[in-house]
Amino acid sequence: MEENKRNEQETLDLILKIWALFLIGLHALGFIDESYFPGFRTEPLEREDIIWKAQRVIFFGIMCLGFLIDILQMRIERGKAYQFLFLSLVLSAASGYLSAYQYKIIATFFGVS
């Protein structure tokens, strides 16, 4: 029984690390998007659509990983249900705006713009 708990915890740790890596990648893509294609728009520019598609794929990957994390946490402790699914939704949705504003602040500070 102790071996099973240890395996569940190791699996949860691994998925959490992958989730964090995906979130960092989504933030980096937003940063790159703002540096090459500044400004907000509803339709992508030519060649910007590749970045938008990659952001969508990573977004859905984060949502799936958040769901897997919640399933594992529910097996370990029932009170932690659906925390990461909600956290994934909020952080992934805000990542584009946060990375765009972060780029603008850094570019202004270093005089890149």
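This is a predicted model, where local features need pLDDT of at least 70, side-chain atom pairs count only at pLDDT 80 or more, and totals for chains, interfaces and linings use all residues. Residues are numbered from 1 along each chain as its sequence is written, and side-chain values use heavy atoms, with hydrogens and water left out.

Start by selecting L68, which is partly exposed at 42% relative accessible area (buried is under 20%, exposed over 50%, partly exposed in between, with a 1.4 Å probe and protein chains only). You'll find L68 in helix α2, residues 48-76 (helices are DSSP runs of H or I, at least four residues, numbered from the N terminus).

Select E3 and R6, bridged at 2.8 Å, N to O. Both sit in helix α1, residues 2-36, three residues apart, about one turn of the helix.

Next, pick R75 and E8, whose closest N and O atoms are 2.7 Å apart. R75 is in helix α2 and E8 in helix α1, so this pair ties together parts 67 residues apart in sequence. R75 is exposed at 53%, while E8 is buried at 9%.

Last stop: R41 and E48, a salt bridge at 3.1 Å between the closest N and O atoms. R41 is partly exposed at 26%; E48 is buried at 1%.

Notes: Helix = DSSP H or I, 4+ residues; strand = E, 2+ residues; numbered from the N terminus. Salt bridge = Lys/Arg side-chain N within 4 Å of Asp/Glu carboxyl O.
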